[in-house]
Amino acid sequence: TLLNLSFFLLQADIFSGAVFIQLAIGLNLYLAIIILLAITALYTITGGLAAVIYTDTLQTFIMVVGSFILMGFAFSEVGGYDAFMRKYMEAIPSNISYENTMINKECYTPRKDSFHIFRDAVTGDLPWPGLVFGLSILALWYWCTDQVIVQRCLSGKNMSHVKAGCIMCGYLKLLPMFIIVMPGMISRILYTDVVACVVPEVCQQYCGTAVGCTNVAYPKMVVELMPNGLRGLMLSVMLASLMSSLTSIFNSASTLFTMDIYTKIRSRPSEKELMLAGRAFMVLLIGISIAWVPVVQSAQSGQLFDYIQSVTSYLGPPIAAVFLLAVFCKRVNEQGAFWGLMVGLLTGLSRMIAEFAYGTGNCVTPSNCPFIICGIHYLYFAMILFGVSAIVILAVSFMTKPIPDVHLYRLCWSLRNSKEERIDLDADEEQDKADEKDEESVNEESKEEPGCFKKAYNWFCGLDQQKGPKLSKEEEEALKKKLTDTSEKPLWRNVVNINGIILLTVAVFCHAFFA
């Protein structure tokens with residue numbers, strides 16, 4: 001998950017935001033990245049998860065409204081939906097020769113299946129089996145196990161709030177087809193020579209990337225099409241979108257590092273030490289992100305969407321396999337999960353490293369990567385990787401000792417309705433931590449009161465945490481029971497369940513309509 005956050009979400013978000021700022025303001029790409037990261041890291045470091053959630057909520061409304069306004073301008077400029085469908089198929093760049101050689105027609109002509117979701121299983125750029133099964137595996141990883149999503153679900157007050165939040169996300173996910181994808185396609189109609197360029201020298205001149213300029217389609221339309229006042233609104237929308245994603249990733253990645261890695265290095269770190277370690281890790285991530293930008297620029301023929309999906313296909317399926325099998329097969333144990341993740345990670349990394357080493361090339365200058373390594377479509381590779389990981393997980397699990405049911409009550413499907421008390425596998429370790437925390441709080445009380453400057457520093461960095469009243473054992477048990485309670489009020493349970501069915505119906509209709 002940490003690799004996915006670092007090499008997939010973070011890099012893609014940084015690059016896409018920097019491209020927009022470079023196009024809108026004219027700043028150097030790396031200067032734009034540094035400024036964005038500095039602003040984002042500042043309020044993530046000082047504000048923590050609460051600041052991230054509040055800003056995300058506010059920015060969502062700004063992003064949706066701004067995107068709808070741009071969509072309206074785009075369809076108005078192109079002459080409506082029917083004109084859009086006709087003109088897109090005619091959007092061919094004027095410069096189609098390269099070093100006295102005519103470029104292959106397939107490189108610059110819009111695909112005949114451009115307006116279809118389900119495409120040919122062999123020749124399609126997104127083959128339908130990969131779309132149905134491969135993307136489902138990636139969706140399982142992202143929506144069910146990614147730290148960015150899980151962290152927000154765990155912050156919900158109760159199960160109904162969590163389900164309602166997920167369904168709301170589902171409704172919002174129906175919009176990108178209309179407010180992002182279609183305006184991006186209209187951008188090819190309006191600025192064909194730039195967005196659809198195929199000659200490397202021309203592309204380099206337009207967007208600084210020889211493999212293609214499709215990444216500038218949306219920001220190009222914002223800068224060229226919107227009037228001055230609304231252009232400022234869309235600039236704030238794009239920045240809000242970027243910073244919303246970055247803050248989520250920074251917060252989630254630092255949490256994963258401190259809780260899953262740093263605590264293994266340091267057996268008994270204090271809360272203050274954990275917070276400082278997490279923030280230091282964020283600074284390291286920023287450095288890696290800036291160094292990785294050239295790779296993102298040239299990966300997957302310069303198409304950011306394909307880069308995102310391909311890297312996810314190499315790193316996400318093993319995590320999805322572990323999650324799915326752990327929920328539905330109680331025989332899966334820690335050893336099986338570990339070796340499934342390791343085999344899957346090494347297999348995925350071998351494909352990813354080879355692809356980056358050889359380069360993915362583009363239609364004009366194809367990559368010389370061997371077919372056996374890079375020839376399999378990344379969505380098909382995701383399906384294969386998922387299957388291999390699942391086989392390893394089950395094989396190792398059945399050859400090793402199972403986890404007793406007392407540790408699995410309400411954690412897997414077959415024991416979901418159990419009323420028995422569950423004993424966590426790390427219960428002894430958690431008790432030791434609790435005792436140590438009590439000792440630490442006693443030591444904190446005996447320390448001298450810090451000065452004004454120290455207080456201000458602690459407050460700014462989020463280190464000045466107010467100590468709550470010490471709870472009795474009964475109060476702690478009651479609080480734990482409340483936090484782990486998954487019961488729902490019948491009214492709200494029915495409301496969210498009905499909305500879930502409606503959302504699923506609309507999603508199926510959209511897939512069928514654009515199939």
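Q: Is Asp 424 buried, partly exposed or exposed?
A: This is a predicted model, and in it Asp 424 is partly exposed, with a relative accessible area of 34%.

Q: What does Asp 424 form a salt bridge with?
A: Its partner is Arg 422, and the closest N and O atoms are 3.4 Å apart. Arg 422 is partly exposed as well, at 26% relative accessible area.

Q: Which residues get joined into a network by salt bridges that share partners?
A: Arg 111, Asp 113, Arg 119 and Asp 125 are linked into one network that way.

Q: How many salt bridges does the count come to?
A: The count is 8. One of them joins the side chains of Lys 220 and Glu 224 at 3.3 Å, N to O.

Q: Where are Lys 220 and Glu 224 in the helix, relative to each other?
A: They are 4 residues apart in helix H11 (residues 217-225), so about one helical turn separates them. An α-helix has 3.6 residues a turn, so residues three or four places apart point the same way.

Q: Is Lys 220 buried or exposed?
A: Lys 220 counts as buried, at 17% relative accessibility. Glu 224 counts as partly exposed, at 45%.

Q: What does Val 216 touch?
A: Not counting residues up to four places away in sequence, Val 216 touches Val 19, Leu 23, Val 194 and Cys 207.

Q: Which residues form a nonpolar patch on the surface?
A: Phe 118, Trp 128, Val 132 and Phe 133 do, with about 370 Å² of accessible area together. Val 132 belongs to helix H5 (residues 128-145) and is partly exposed, at 32% relative accessible area.

Q: Let's do helices. How many helices and strands are there in the chain?
A: The chain has 22 helices and 2 strands.

Q: What span should helix H16 have, and what is it in the model?
A: Helix H16 (residues 334-358) has 25 residues and should span 36 Å at 1.5 Å a residue; its end C-alpha atoms are 36 Å apart, which agrees.

Q: Which residues in H16 are buried?
A: Gly 336, Ala 337, Gly 340, Gly 344, Gly 348, Arg 351, Met 352, Ala 354 and Glu 355. What covers the buried residues of H16 includes H14, helix H15 (317-328), helix H17 (371-375) and H18.

Q: Next one: where is Thr 258 found?
A: Thr 258 is in helix H12 (residues 228-265) and is buried, with a relative accessible area of 6%. Leaving aside neighbours within four places in sequence, Thr 258 is in contact with Thr 263, Leu 274, Ala 277 and Gly 278.

Q: How about Ser 236, where does that lie?
A: Ser 236 lies in helix H12 too, and counts as partly exposed at 31% relative accessibility. Ser 236 and Met 63 are 173 residues apart in sequence but 8.4 Å apart in space, C-alpha to C-alpha.

Q: Last bit, the whole chain. What share of the residues is buried?
A: Buried residues make up 41% of the 515 residues. The chain exposes about 28,500 Å², with carbon and sulfur atoms supplying 64% of it. Among contacts with a separation of 6 or more, 75% are between residues 24 or more positions apart.

Notes:
Residues numbered from 1 in each chain as written. Predicted model: local features only at pLDDT ≥ 70, side-chain atom pairs only at ≥ 80, totals over all residues. Heavy atoms only, no water. Patch = residues over 30% accessible without salt bridge, like charges linked within 9 Å, V, L, I, M, F, W, Y side chains within 5 Å. Areas by Shrake-Rupley, 256 points an atom, 1.4 Å probe, with all protein chains shown as cover. Salt bridge = Lys/Arg side-chain N within 4 Å of Asp/Glu carboxyl O. Buried < 20%, exposed > 50% of the residue type's maximum accessible area, 1.4 Å probe, protein only. Contact = heavy atoms within 4.5 Å. Expected span 1.5 Å × (residues − 1).
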